[in-house]
Amino acid sequence: MLIAHYSLLITHYSILESMKLTLKIWRQKSASAKGKLETYQVDGIEPDMSFLEMLDVLNEGFVEKNEEPVVFDHDCREGICGTCSLQINGEPHGPDSLITTCQLHMRKFNDGDTIVIEPFRATAFPVIKDLMVDRSAFDRIQQAGGFISVNTSGNTQDANNIPISKEDSDFSFNAATCIGCGACVAACKNASAMLFTAAKVSQFALLPQGKLEANRRVIAMVEQMDKEGFGNCTNTGACELECPKGISLYNIARLNREYLSAITKG
Ligand code: SF4
Ligand code: FES
């Protein structure tokens with residue numbers, strides 16, 4: 001009896017807490033098609049659902065009605081892969097800070113809210129379909145120099161063979177936490193990829209292993225970044241503010257120093 005009463009309370013609580021939302025979602029059939037915002041209602045959204053689970057609920061409704069679901073990118077759903085790149089109410093990854101879209105919870109919104117969901121906007125990130133964009137420009141920047149060429153043979157060296165200061169290893173590790181999500185580009189009025197490129201250069205620049213190819217690396221990556229059509233950095237800091245991994249603008253300063261030093265050396 002007590003259990004039945006308790007479960008009734010829980011059901012009642014979840015009914016009270018569940019939300020009805022109006023979603024304005026960017027729909028675009030293909031890269032060449034013209035897109036527009038479409039309005040949908042979604043019901044029964046629990047505050048503890050993630051933003052992507054809310055979209056799953058919407059899409060289940062489409063599937064039941066034999067209509068085309070909204071296409072959006074996602075993979076790990078735990079802030080690691082960087083694919084869940086959505087512009088939510090004008091902010092990359094939504095209203096919370098230091099999290100990705102998949103880590104955003106619906107308790108950040110209120111019953112009756114209207115939420116505008118768009119793809120990341122940048123010439124270098126063309127829309128593939130609906131909310132999914134092509135971010136392979138980032139892969140090409142990485143491929144241009146974001147690696148260390150080491151011929152290995154025999155046993156792997158012990159990680160502690162080369163002493164590295166704690167400060168350098170911390171800075172390098174922080175830079176390496178960039179997940180390539182593209183929020184920095186989407187947040188920037190110039191669609192600049194400086195924060196991403198700076199993080200990828202910095203993670204090697206501070207370590208002895210990365211110094212051998214440092215000049216070639218920074219020039220190749222900056223050249224590729226320009227070739228992809230990203231804009232220039234004008235130091236507004238919007239990228240740092242929206243970065244889910246808290247990548248600091250100091251990395252851009254380091255990128256500029258590395259680049260100047262490399263071109264001076266020819
Ligand atoms: S710097 Fe931050 S916002 Fe830009 S790609 Fe990396 S993790 Fe995403
Ligand atoms: S789905 Fe991987 S970071 Fe969001």
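1. Begin with the buried residues of α8, which are Ala214, Arg217, Val218, Ala220, Met221, Val222, Gln224 and Met225. Buried here means under 20% relative accessible area, exposed means over 50%, and partly exposed is in between, using a 1.4 Å probe and protein chains only. Helices (H or I, at least four residues) and strands (E, at least two) are DSSP runs, numbered from the N terminus. An α-helix has 3.6 residues a turn, so residues three or four places apart point the same way.

2. A word on the source: this is a predicted model, in which local features need pLDDT of at least 70 and side-chain atom pairs count only at pLDDT 80 or more, while totals for chains, interfaces and linings use all residues. Residues are numbered from 1 along each chain as its sequence is written, chains are lettered from A and ligands numbered from 1 in the order in which they are written, and side-chain values use heavy atoms, leaving out hydrogens and water.

3. Back to α8: what covers its buried residues includes α3, α6, α7 (208-211) and α10. The helix has 14 residues and reaches 20 Å from its first C-alpha to its last, close to the 20 Å expected at 1.5 Å a residue. That expected span is 1.5 Å times one less than the number of residues. After α8 comes Gly229, with a positive phi near 95 degrees.

4. Now look at Thr197, which sits in helix α6. Thr197 counts as buried because its relative accessibility is 0%. Leaving aside neighbours within four places in sequence, Thr197 is in contact (heavy atoms within 4.5 Å) with Ile141, Met221 and Met225.

5. Which residues have the most contacts inside the largest nonpolar core? They are Phe125, Phe138, Val185 and Phe230, in a core of 35 residues. A nonpolar core is a set of buried Ala, Val, Leu, Ile, Met, Phe, Trp, Tyr and Cys residues joined through side-chain atoms within 4.5 Å. At least two residues of this core come from each of α3 (136-145), α5 (183-187), α6 (194-205), α8 (214-227) and α10 (250-265). Helix α6 gives the most, with six residues. There is also a second, separate core of 28 residues, including Met49, Leu52, Leu86 and Leu131.

6. Not counting residues up to four places away in sequence, Val185 touches Ala122, Phe125, Phe138, Ala191, Ser192, Ala193 and Phe230.

7. Around ligand 1 there are 13 residues, of which Cys178, Cys181, Gly182, Cys184 and Cys243 come nearest. A residue is near a molecule if one of its heavy atoms lies within 4 Å of it. Helices α5 and α6 each supply at least two residues of this shell. By class, the shell has 11 nonpolar, two polar and no charged residues. Ala, Val, Leu, Ile, Met, Phe, Trp, Tyr, Cys and Pro count as nonpolar, Asp, Glu, Lys and Arg as charged, and the others, Gly among them, as polar.

8. Is Cys181 buried or exposed? Cys181 is buried, because its relative accessible area is 7%. Cys81, at 27%, counts as partly exposed. The whole structure has zero disulfides (pairs of cysteine sulfur atoms within 2.5 Å).

9. Finally, check two loop residues. Arg77, in the loop between α2 (51-64) and β3 (86-88), has a positive phi of about 55 degrees although it is not a glycine. Asn235, in the loop between α8 and α9 (238-242), is exposed, with a relative accessible area of 60%.
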